[in-house]
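I opened this entry to record what I looked up in one structure. The points follow in the order I checked them.

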Amino acid sequence: MRLRGGAAVAVLIMLSVAGCKDTTGASGPEATTSGDSGGNSGGGGGAALTAAESLTVKGRAPKTGYSRERFGTAWADTDSNSCDTRDDILKRDLKQVKFTGGTCKVSYGVLESDPYSGKEVIYRRGASLVDIDHLVALSDAWQKGAKYWDASKRIALANDPLNLLTVGASANRSKGDGDTATWVPPDKAYRCAYVAAQVAVKKKYELWVTAAEKAAMKKVLSTCPGQQLPSGGNPTSAPSRFHAK
């Protein structure tokens, strides 16, 4: 199934990762349509565009002090379902999933349509052409507010399903830590959904944007009136047993 536009984000993040089972419901992420409480003012733009317009604009702070470790151990099991976050997201996003050593560790799966390139990508554990992308890169978050957070909030961001997406490694690595002003997916059909997801994460975690970033977000979202704003995911504070440097 080819995932496009708002439907792509809605389908990809609406599947809860709790308990390593595909479920939906109040505990999982939900997509807010442009006509409800997601923030649409009725002024002709969708909820995602309205939310983008509401984001605080500031300059980019220095990257000084950033390291991945400031966001905790990679793929921490913050939802306490006994599966690490990476496997949770692989299970959520891949098809034809196979496991090794139980029902958590994904050994094989098919990304039927990479959101970034539109191509089919095969995942094999240990020799993967697949990445789990932080839609809002952690270093970008560091420079736009996360530097001043406590560790619990940074750990939550790094493991929040709302901010995570299974993608092809090749296209993802061209992104680096870019924001919307410097990188959008090569597959034009996915750009609205991608930007809407970034807006949702920045709004949820109260991250700011640069003037250039906000202008780029509005430019993309103005091409897709009615674009949904994803919502839900995990709480913005990780359990106290998790620590970061």
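Which cysteine does a disulfide join to Cys-83? I found that Cys-83 is joined to Cys-104, at an S to S distance of 1.8 Å. I took a disulfide as a pair of cysteine sulfur atoms within 2.5 Å.

Basis of the entry. The model is predicted, so I kept its limits in view: local features need pLDDT of at least 70, side-chain atom pairs count only at pLDDT 80 or more, and totals for chains, interfaces and linings use all residues. Residues are numbered from 1 along each chain as its sequence is written, and side-chain values use heavy atoms, with hydrogens and water left out.

Disulfides. I searched the whole structure and noted two disulfides. For Cys-83 and Cys-104, the torsion about the S-S bond is about -55°, so this disulfide is left-handed. This pair links distant parts of the chain, 21 residues apart: Cys-83 sits in the loop between α2 and α3, and Cys-104 in the loop between β2 (95-99) and β3 (106-111). Helices (H or I, at least four residues) and strands (E, at least two) are DSSP runs, numbered from the N terminus. Cys-83 has a relative accessible area of 2% and is therefore buried. I used under 20% relative accessible area for buried, over 50% for exposed and the range in between for partly exposed (1.4 Å probe, protein chains only).

I then turned to Cys-192 and Cys-224, which form a disulfide with their sulfur atoms 2.2 Å apart. The link of Cys-192 and Cys-224 is left-handed, with -105° about the S-S bond. Here too distant parts of the chain are linked, 32 residues apart: Cys-192 belongs to helix α7 (residues 191-204), and Cys-224 to the loop between α8 (211-221) and β7 (229-231). Cys-192 counts as buried because its relative accessibility is 12%. Cys-224 is buried at 13%.

Helix α2. Why is α2 described as largely enclosed by the rest of the structure? I noted that six of its eight residues are buried, which is the reason. The buried residues of α2 are Ala-47, Ala-48, Leu-49, Thr-50, Ala-51 and Ala-52. Their cover includes α7, α8 and β7.

Val-57. I placed Val-57 in the loop between α2 (47-54) and α3 (85-93). Val-57 is partly exposed, at a relative accessible area of 40%. Not counting residues up to four places away in sequence, Val-57 touches Val-209, Thr-210, Ala-211 and Lys-214; contact means heavy atoms within 4.5 Å. Which elements give two or more residues to the lining of the largest pocket? The lining includes Tyr-66, Arg-68, Trp-75, Asp-131 and His-134. The elements are β5 (130-134) and α6 (169-175). Four residues, the largest share of the lining, come from β5. The volume of the largest pocket is about 200 Å³. On a 1 Å grid over the protein atoms alone, a pocket is an open set of points where a 1.4 Å probe fits, with protein on both sides within 12 Å along at least five of seven lines, and lining residues have an atom within 4 Å of a point.

Whole protein. I counted eight helices and seven strands. Buried residues make up 53% of the 245 residues.

Technical notes:
Grid points are joined across faces, edges and corners, and a volume is the space filled by probe spheres set on the points.
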